[in-house]
Amino acid sequence: MSELTNAEACAARAYESDLKRGLKPRHLQLIALGGIIGSCYFLGTGYVIDSCGPSAFLAYLLGGLIVYLVMVCLGELAVSIPISSSFVTYANDFIHPAWACGVGWSYWATWVTYVPSEMIAAGIIMNNFVPSIPAVYWALGFGVIITVINLSYVGTFGELEFWLALIKILAIVMFVVLAVLIFLGFIGGQGFIGTSNLLGNGGLFPKGAGIVFLTMVIILVNFQGSEIIGLAAGESQEPEKSIPVAITNVTYRIIALYVIPVALLVSIFPWQKAGLEESVFAAALNFYGFKWAGALFSFVVLTAAISCSNSGLYGCSRAVYALAREGMAPRWLARVNRKGVPYNAILLSVGGCWIGVIAYTLGGDAAVFTYLLALSGFTGAIAWISICWSQLNFRRRLEKMGYDPSQLKFRVKYFPYLTHFAIWVQVACLVVVAFNEELRASLYIGVPLLVGAMLWYQLWGRKLQPVAEANGRLKFEDIFRSEA
């Protein structure tokens, strides 16, 4: 087997990008958490519990396993070839340009439709505090703030996202501490609870074990955003060190911030009382007499909405920037300013978000919101499948050229079994969506969106000249050359 000497010699060149490397390791870790702990977590968890009962924590456990597998696949790619807006570019290099175009534009459309829902959520919360100002004005105001932040130096974005994510984490930690004390009977006045809520009222699977898989698309929405680590690879300092640490830490924190809190939640709170009317975490604390929980979690949901909007706009702007560099979008979307910010890509994304905010205000309802969440889960899963598929083809290409995979600085263990599992369990989740009447509509939008972008590339998009090639963007062949 050949050694990776040529890859090491080209490593420094792989880090070159028009974007500035202003994200510190602590920023990178919290950015991914900021993307996955949005208002949908605090509000949407009620839907998951109402749908499948106490077994909701098992659905989150399966979702956490999927996230871990996707993250290690992304980690192997991002450390070996750390380029900006990476997973779109990896799909172009290791799968097919048409697939990359479809995935990239679907991913962009997902965030452009999802971010407005977060802005509206923030606007509604502020309207509750200050009723004299309509929610839409608050939403547009937050949109302006987020736009200014994203147009600033990337370090400013990273610093704000760090503190916003920290507030959400502290709120979840506070809930865990209170839930443990309630469960043990130290507070709440109910005594030791035991398994009365977890196994009573219909048992662990009151609506059947299969319902856990039917809710997986909403679970994937909650976890969507962790792939932003890959999009941020081109703007992180020392990616060969910071990315593996960020991936490992995010995986552990997902278990700590999702699985454990939800397991405690269904242990102390009757699952029949969960719903979308309010944060289920606040409802659980109110149930035990902590009336201040509603106002506190309203503030936390506000923070989560702003944070998720912030990181979501970052993610979709970098995705369309990558599309432009690969010749899958107009060249002007690949321009950056002197601060290394892709301002045209950001402005296009912001424009789409503002249209979404106005559309929500004029005619939005709960059904539309649910469909958009499902669409976000579909296109997010497609992006994650693309990451794993790219890693599979990357490793196969390495082995074909005679390289020893053990020489990689970060690699997926038990290859190819874990990679295949990650791909096919997500495919199974998407197939299951077809049997859920509430979520099936996402396929009617998501599939044509994906296929339409692929067809556009095959018919017209290939005529666009890739900006990346003009700028000398490194590819697999540049880093891993065959050695005589």
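Here are some notes on this predicted model, going from the whole chain down to single residues.

1. Overall make-up. The protein chain comes out as 21 helices and zero strands. Of its 484 residues, 61% count as buried. If you take contacts with a separation of 6 or more, 83% of them are between residues 24 or more positions apart.

2. The core. The largest nonpolar core has 152 residues, and the ones with the most contacts inside it are Tyr41, Phe42, Tyr60, Phe175, Ile268, Phe394 and Phe480. Helix α6 (residues 97-129) gives the most to this core, with 19 residues. Have a look at Ile268 while you're there: beyond four places in sequence, Ile268 touches Phe175, Ala179, Ile182, Phe183, Ile193, Asn197, Ala284 and Tyr288. Phe175, one of those partners, is also on the list of residues with the most contacts inside the core.

3. A salt bridge on the inside. The count comes to two salt bridges, and I'd start with Glu76 and Arg395, whose side chains meet at 2.6 Å, N to O. This pair links distant parts of the chain, since Glu76 sits in helix α4 (residues 56-80) and Arg395 in helix α17 (residues 366-401), 319 residues apart. Glu76 has 0% relative accessibility, so it counts as buried. Arg395 is at 4%, so it counts as buried too.

4. The other salt bridge. Arg396 and Glu399 pair up through their side chains at 3.8 Å, N to O. They are three residues apart in helix α17, which means about one helical turn separates them. Arg396 is partly exposed, with a relative accessible area of 40%, and Glu399 is partly exposed as well, at 34%.

5. Gln426. Leaving aside neighbours within four places in sequence, Gln426 is in contact with Ile66, Val70, Ala381, Trp384, Ile385 and Cys388.

6. Thr147. This residue lies in helix α7 (residues 135-151) and is buried, with a relative accessible area of 8%. What does its side chain reach at 2.6 Å? The backbone oxygen of Gly143 is the answer. Further along the sequence, Thr147 touches Leu313, Val350 and Trp354, with residues up to four places away not counted.

7. Phe290. You'll find Phe290 in the loop between α14 (280-287) and α15 (293-325). Not counting residues up to four places away, Phe290 touches Ile182, Ile187 and Leu285. Phe290 and Gly188 are 102 residues apart in sequence, yet 8.3 Å apart in space, C-alpha to C-alpha.

8. Val447, Val451, Leu455, Trp456, Leu459, Trp460 and Leu464 make a nonpolar surface patch of about 630 Å². Leu455, one of these residues, has its place in helix α19 (residues 441-459).

Terms used. Residues are numbered from 1 along each chain as its sequence is written. This is a predicted model: local features need pLDDT of at least 70, side-chain atom pairs count only at pLDDT 80 or more; totals for chains, interfaces and linings use all residues. Side-chain values use heavy atoms; hydrogens and water are left out. Patches are made of residues with over 30% relative accessible area and no salt bridge: like charges are joined within 9 Å, nonpolar side chains (Val, Leu, Ile, Met, Phe, Trp, Tyr) within 5 Å. Accessible areas come from the Shrake-Rupley method with a 1.4 Å probe; for residues, only the protein chains shown count as cover. A salt bridge is a side-chain nitrogen of Lys or Arg within 4 Å of a carboxyl oxygen of Asp or Glu. Helices (H or I, at least four residues) and strands (E, at least two) are DSSP runs, numbered from the N terminus. Buried means under 20% relative accessible area, exposed over 50%, partly exposed in between (1.4 Å probe, protein chains only). A polar contact is a pair of N or O atoms within 3.5 Å; within protein, one must be able to donate a hydrogen and the other to accept it, and residues adjacent in sequence count only if both atoms are side-chain atoms. Contact means heavy atoms within 4.5 Å. A nonpolar core is a set of buried Ala, Val, Leu, Ile, Met, Phe, Trp, Tyr and Cys residues joined through side-chain atoms within 4.5 Å.
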